[in-house]
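Please look at both before reading on.

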Amino acid sequence: MAMNFQHFKGCVRDGLWRHNSGLAQILGLCPILAISTSMVNAVSLGLATVVVMAISNLVISALRRWIAYEIRIPAFILIIAALVTVLDLAFNAYLHSLYLLLGIFIPLITTNCIVLARAEAFAAKNGVFESTLDGIMMGLGLVWVLGLLGALRELISNGTLFSGIDMIVPGLSAIQVFGEDYPGFLLASLPPGAFFTLALLVAGFNAINTHRAAKKAAPAATPPTTPTAPAPAAD
Amino acid sequence: MKLLDALPPAWRKAVSCACGLVAFTLVFTALMAFTYEMTRERIDAAKDEQQMRLIDEVLPRERYDNTLLADAVSAPGNTANVGRIWRARRGADAVALVFEAFADDGYGGRIELIVGIGDDGRVTGVRVGAHHETPGLGDYIEPAKDRRHQNKPWIAQFEGVDANLPKARWTVKKDGGDFDYRAGATVSPRAVTVAVGRGVLWVNKHRAALFEAPTDAKLNDEARTE
């Protein structure tokens, strides 16, 4: 049951980079495209997803011995939907203005396929600790991609960053990056802008990975100065 | 158990799986019901607070001393597309009527509006609630989105307008009305202006009846209890 450090590192790396849900698995695109019009929206929904994924992976891995294989999918959906309902009510009660903004996208976390994908592919087969960690890391992987996407779209469409931050921390306000006179670029905040920006991020992600692989393949040209850690077991 | 053993294997499996699912459903439904009960009061309070935030921009709280949200009437199916109407009073005096108006012909569908009419027969203010107008084009009807005119947002022009203005003048200047619009997006301001005018004329006409109606009364299109 004990989790060694290599395994831990593998979990973190898979979630944040190697199997990133937004850039590599391309799962859970519904919120990515819909809510990433501003950085605050994107990160808020991303963090809500982290909470759901962490708890759903925890609960599912803890209960996995009692969930018959034949009914695991309805059971997973039930667990995820219940957790999302609880989160939805909590948002409504304690962060009401943010709730109005994220609106329908909180209940839609239920059908975000990355949540069910991790329940099925990871939490149903692994221990409580690993599963919770996997949920958090997969969720955080989504958060940084969503946050970057939201920041880019907001910057291009409005010339601001952090608009709407006052809904979370009253008193703070948006930063005008390009000054008051920035004419704005509407396309970036419309749905096509989400596709274009995500495409750029995926291209960048692939370019970095290709570059790294090429470096690794030609060790004679650039010998590594420190011995690299062995790769974690393939999954 | 004897009953189960008598069943064919497939049925036995089905029954045990179903029992498992029922158990899960019970536990997680209980969790949801419990959370619902725990958050219900907070959610109602948050909704009222949100409603009051817009109303405060239309009518300052210092001007009345009753619990505005509790002092409401409505006129279901009225021809002016007006929702709830709240009566602001100070002691026994009528101060203002604040009401919801809806514009169903916005560029992105329905636009929700909050409008106030003071006892001097003038509009105290208009604010936009929920709407789906195009960001960066039609959404300047919402003062926070009217970035270039933070000092005098578009919607501020309704303040102080005579509530008896003839119906034909309650539209944008392009259509021969009294109200400005910004080049590039006329649909949203037209929808808002027409809906505000329609609501203001109806509410102002039935002003006395609306103030006298008992709380939570359902009125007809002539503002009388049926």
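Of the 235 residues in chain A, 40% count as buried. The model is predicted.

Chain A contains eight helices and two strands. Read from the N terminus, its elements follow the order α-α-α-α-α-α-α-β-β-α. Among the contacts in chain A between residues at least 6 apart in sequence, 77% join residues at least 24 apart.

One pair of helices in chain A can be followed in detail. Helix α6 (residues 113-123) of chain A packs against helix α7 (residues 128-158) of chain A at an angle of about 150°, and their axes are 11 Å apart. The crossing of α6(A) with α7(A) is right-handed. On the side of α6(A), the residues that meet α7(A) are A:Ile114, A:Arg118, A:Phe122 and A:Ala123. Their counterparts in α7(A) are A:Ser131, A:Asp134, A:Gly135, A:Met138 and A:Leu142. The residues of this contact divide into five nonpolar, two polar and two charged.

Chain A also touches chain B, and the contact takes 20 residues from chain A and 17 residues from chain B. On the chain B side, these residues divide into 10 nonpolar, six polar and one charged.

Chain B holds an open sheet of five strands in the order β1-β2-β3-β4-β5, with antiparallel pairing. Why is one side of β1 and of β5 in chain B left without a neighbour in the sheet? Strands β1 (72-74) and β5 (123-128) of chain B stand at the edges and each has a single partner strand, so one side of each has no neighbour in the sheet. Neighbouring strands of this sheet are turned by 20° against each other on average, direction ignored.

Within the sheet, strand β3 (residues 93-106) of chain B and strand β4 (residues 109-118) of chain B run antiparallel and are joined by nine bridges. B:Phe102 stands opposite B:Glu112 in β4(B).

Two helices of chain B lie against these strands, as the table shows.

| Helix of chain B | Strands of chain B it lies across or touches | Angle |
|---|---|---|
| α3 (residues 187-205) | touches β2 (82-90), β3, β4 and β5 | about 140° with β3(B) |

Conventions:
Residues are numbered from 1 along each chain as its sequence is written. Chains are lettered from A and ligands numbered from 1 in the order in which they are written. This is a predicted model: local features need pLDDT of at least 70, side-chain atom pairs count only at pLDDT 80 or more; totals for chains, interfaces and linings use all residues. Axes are lines fitted to C-alpha atoms, for helices over the stretch in contact, and angles run from 0 to 180 degrees between N-to-C directions. Helices (H or I, at least four residues) and strands (E, at least two) are DSSP runs, numbered from the N terminus. A crossing is left-handed if the near helix is turned anticlockwise from the far one by less than a right angle, and right-handed if clockwise. Two residues are in contact if their C-beta atoms, placed from the backbone, lie within 7 Å. Ala, Val, Leu, Ile, Met, Phe, Trp, Tyr, Cys and Pro count as nonpolar, Asp, Glu, Lys and Arg as charged, and the others, Gly among them, as polar. A residue is buried if 20 or more other C-beta atoms lie within 10 Å of its own, exposed if 12 or fewer, and partly exposed in between; C-beta atoms are placed from the backbone. Two strands pair if DSSP finds at least two bridges between them.
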